[in-house]
Amino acid sequence: MSRVYNFSAGPAVLPEEVLKEAAAEMLDYKGTGMSVMEMSHRSKAFEEIITTAEQDIRDLMGIPDNYKVLFLQGGASQQFAMIPMNLMKNRVADYIITGQWAKKAAKEAEKYGKVNRIASSEDKTFSYIPDCSDLPVSEDADYVYICENNTIYGTKFKELPNTKGKTLVADVSSCFLSEPVDVTKYGVIYGGVQKNIGPAGVVIVIIREDLITEDVLPGTPTMLTYKTHADAKSLYNTPPAYGIYICGKVFKWIKAQGGLAAMKERNEKKAKVLYDFLDQSKLFKGTVVPKDRSLMNVPFVTGNADLDAKFVKEAKEAGLENLKGHRTVGGMRASIYNAMPYEGVVALVDFMKKFEEENL
């Protein structure tokens, strides 16, 4: 069977070259006579894998020396608790609510302290990013939290909020490594890798060293303390070794494509094909305010639930998989991450044109 164009929001499409390389090394990684799945995380071979992976992501993002890179488990959702446990010294934090994941993160943080929701776009089903240039940032807030790209709703912060000197914490799960980033603007950047970087099971946390302390909330488990993992170089316990290995290959692949500036250019070119079509279509329409559109996740609707269902079914038959929208938005969603080829987006738009002609 030939490969489909996979528009899934995550776990998502991976670069074919990476999958082929991993397949070739499946039974024997570089002459070790074993698979990376089977090797000790304390072995020389794995030490080289994780060290190289860390250096490559540092190179790609220009991560300064005073930030640690941690390869952790528990997904982005575990960070919803880990962040307040480690950072909520005053037991106060400000959250900007632009979708389900920020909403869930805020609710989780309430277990540990006072959460101020200082801006929200829930009034219009999260179809825009609120103005964050002059927010009522709390004087005693330990940090300001955002979800930078909203997978479900297809919105993206094009400008970071003015945190008035407070530490910015950002969940970048669905825009990780999709464009250049100034790491120094954040205290913590983290994301699950299963959308843009690798297989499910790894979460990468990039955290400024001054935020890593022993002074965590009472009762914080050893495994949920950043210092535990920073001191052990992500090897305190058995890490998600095979996932980290694939992430490392994806970092190399991005470098070979020309790095994050080249990725951004590619992603803009792909997204433009789809958004340009949506803007002139008589049947389909995008659901997001144009200035806040994500390059990664593109939700769209016909306005008719039966027609939406018909579209998803026929698209699947045409080799365009996982286009059903999230249940909270309905309609369709095309996730067009780094590894989605330009041809995939063109194939989608060609199919949409044909569907429109047949169903108008």
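Contact here means heavy atoms within 4.5 Å. Keep that in mind for Arg 91. Leaving aside its neighbours within four places in sequence, Arg 91 is in contact with Tyr 112, Gly 113, Lys 114, Asp 142, Leu 217 and Pro 218.

Some housekeeping. This is a predicted model, where local features need pLDDT of at least 70, side-chain atom pairs count only at pLDDT 80 or more, and totals for chains, interfaces and linings use all residues. Residues are numbered from 1 along each chain as its sequence is written, and side-chain values use heavy atoms, with hydrogens and water left out.

Back to Arg 91. It lies in the loop between helix H3 (75-87) and strand S3 (92-97). Helices (H or I, at least four residues) and strands (E, at least two) are DSSP runs, numbered from the N terminus. Arg 91 counts as partly exposed because its relative accessibility is 39%. For the terms: buried is under 20% relative accessible area, exposed is over 50%, and partly exposed is in between, with a 1.4 Å probe and protein chains only.

Now Val 205. It sits in strand S10, residues 203-208. Is Val 205 buried or exposed? It is buried, at a relative accessible area of 0%. Beyond four places in sequence, its contacts include Lys 68, Val 69, Leu 70 and Leu 72. Gln 79, Val 188, Ile 189, Tyr 190 and Tyr 226 also touch Val 205. Val 36 is another matter: 169 residues away along the chain, with 23 Å between its C-alpha atom and that of Val 205.

On to the cores. A nonpolar core is a set of buried Ala, Val, Leu, Ile, Met, Phe, Trp, Tyr and Cys residues joined through side-chain atoms within 4.5 Å. In soluble globular proteins, nonpolar side chains tend to be buried together. How many residues does the largest core hold here? It has 59. Those with the most contacts inside it are Met 61, Phe 71, Ile 96, Leu 177, Ile 204, Ile 206 and Phe 251. Helix H6 gives the most to this core, with ten residues. A second, separate core has 37 residues, among them Ala 81, Ile 97, Ala 106 and Tyr 145.

Not counting residues up to four places away in sequence, it touches Ile 50, Ala 53, Glu 54, Val 202, Val 203, Ile 204, Ser 234, Ile 244 and Phe 251.

Ser 234 deserves a stop. It is found in the loop between H5 and H6. Ser 234 counts as buried, at 3% relative accessibility. Lys 233 also lies in the loop between helix H5 (226-231) and H6. Its phi is positive too, about 55°, and Lys 233 is not a glycine. But Lys 233 counts as exposed, at 65% relative accessibility.

Next, H6 itself. Two packed helices are described by the angle between their axes and the distance between the axes. The axes of H6 and helix H7 (residues 259-280) come within 7 Å and cross at roughly 75°. That makes H6 roughly perpendicular to H7. Axes are lines fitted to C-alpha atoms, for helices over the stretch in contact, and angles run from 0 to 180 degrees between N-to-C directions. Under 35 degrees is roughly parallel, over 145 roughly antiparallel, 65 to 115 roughly perpendicular, and the rest oblique. Where they meet, H6 brings Trp 253, Ile 254, Lys 255 and Gln 257. H7 brings Gly 259, Leu 260, Ala 262, Met 263 and Arg 266.

Now the rings. The structure holds 13 aromatic pairs. One of them is Tyr 242 with Tyr 245, tilted, 5.1 Å centre to centre and 55° between the planes. Rings of Phe, Tyr and Trp (its six-membered ring) pair if their centres lie within 6.5 Å; planes under 30 degrees apart count as stacked, over 60 as edge-to-face and the rest as tilted. Both tyrosines lie in H6 (residues 241-257), three residues apart, about one turn of the helix. Tyr 245 counts as buried, at 3% relative accessibility.

Last, a backbone detail. A cis peptide bond joins Gly 10 and Pro 11, with omega about -10°. Pro 11 is in the loop between strand S1 (5-6) and helix H1 (16-24).
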